[in-house]
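The tour moves from one selection to the next.

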Amino acid sequence: MGWAVAAVVSLLAIRAVAAEGPFTAGQLKRFLAEGVPFLEWVRTNHQERVLERVLEDPGSVREFPEAMRFLEDRNWKPERFAYILNHVI
C-alpha cells in the first residue's frame, strides 16, 4: 500500500513540474551556471544515489531532504531543477 501512495505522489509531482512547461532559456542559463555546484555537492557528500534517482525520475528529488535543502537554499524549486537536470544530462 505504501508503494502505491508513493507512486501517486511521484506522478502528481511530475505532472506539476510538466505543467510548468518546458524550461526557458533563462532557466537553462541559470542551471548551467549553478548545476556544477550541485554536482560537486553530490560528489563531495557521496550522494551519487540522488543523481541516479533524479535521472530516472525527476520527482524523486523529494526522497532526499539534503538535496531539497541544498537546492532550496539556492532559490530553486527542487522539482524544477531536477526536471532541467533530467533533460540536460
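On this tour, a residue is called buried when its relative accessible area is under 20%, exposed when that area is over 50%, and partly exposed in between. The model is a predicted one.

**Stop 1: helix 5.** Select residues 78–88, which make up helix 5. How many of its residues are buried? The count is 8 of 11, so helix 5 is mostly covered. Colour the buried ones: Pro78, Glu79, Arg80, Phe81, Ala82, Tyr83, Ile84 and Leu85.

Stop 2: Which residue does the side chain of glutamate 79 meet in a salt bridge? The partner is arginine 62, at 2.9 Å from N to O. This pair links distant parts of the chain, with glutamate 79 in helix 5 and arginine 62 in the loop between helix 3 and helix 4. The two residues are 17 apart. Their cover can be read residue by residue. Glutamate 79 has a relative accessibility of 14%, so it counts as buried. Arginine 62, at 46%, is partly exposed.

**Stop 3: helix 3.** Now select residues 48–56, the span of helix 3. Begin with arginine 49 and glutamate 52. They form a salt bridge, and the closest N and O atoms are 3.4 Å apart. Why are these two about one helical turn from each other? Because they sit 3 residues apart in helix 3. An α-helix has 3.6 residues a turn, so residues three or four places apart point the same way. Arginine 49 is partly exposed at 45% relative accessibility, and glutamate 52 is partly exposed at 43%.

Next, pick arginine 53 and glutamate 56. Their side chains meet in a salt bridge of 3.0 Å, N to O. This pair is also 3 residues apart in helix 3, and so about one helical turn separates its members. Buried or exposed: which is arginine 53? At 15% relative accessibility, arginine 53 counts as buried. Glutamate 56, at 55%, counts as exposed.

Arg53, Glu56 and Glu63 are linked in a network of salt bridges. In total, the model has 5 salt bridges.

**Stop 4: helix 2 against helix 4.** Select residues 25–44 for helix 2 and residues 65–72 for helix 4. The two pack at an angle of about 150 degrees, and their axes are 11 Å apart. Angles over 145 degrees count as roughly antiparallel, and therefore helix 2 and helix 4 are roughly antiparallel to each other. Turn the view to see how they cross: helix 2 passes helix 4 in a right-handed crossing.

While on helix 2, pick arginine 30. Arginine 30 is partly exposed, with a relative accessible area of 28%. Then draw a distance to tryptophan 76. Arginine 30 and tryptophan 76 are 46 residues apart in sequence, but their C-alpha atoms are 10.0 Å apart in space.

**Stop 5: the nonpolar patch.** Switch to a surface view. Select Leu32, Leu39, Leu55, Val88 and Ile89, which make a nonpolar surface patch of about 410 Å². Where does isoleucine 89 lie? It is in the segment after helix 5. With a relative accessible area of 54%, isoleucine 89 is exposed.

Key: Residues numbered from 1 in each chain as written. Predicted model: local features only at pLDDT ≥ 70, side-chain atom pairs only at ≥ 80, totals over all residues. Heavy atoms only, no water. Patch = residues over 30% accessible without salt bridge, like charges linked within 9 Å, V, L, I, M, F, W, Y side chains within 5 Å. Areas by Shrake-Rupley, 256 points an atom, 1.4 Å probe, with all protein chains shown as cover. Salt bridge = Lys/Arg side-chain N within 4 Å of Asp/Glu carboxyl O. Helix = DSSP H or I, 4+ residues; strand = E, 2+ residues; numbered from the N terminus. Buried < 20%, exposed > 50% of the residue type's maximum accessible area, 1.4 Å probe, protein only. Axes fitted to C-alpha atoms, helices over the stretch in contact; angles between N-to-C directions. Parallel < 35°, antiparallel > 145°, perpendicular 65-115°, else oblique. Left-handed = near helix turned anticlockwise from the far one by under 90°.
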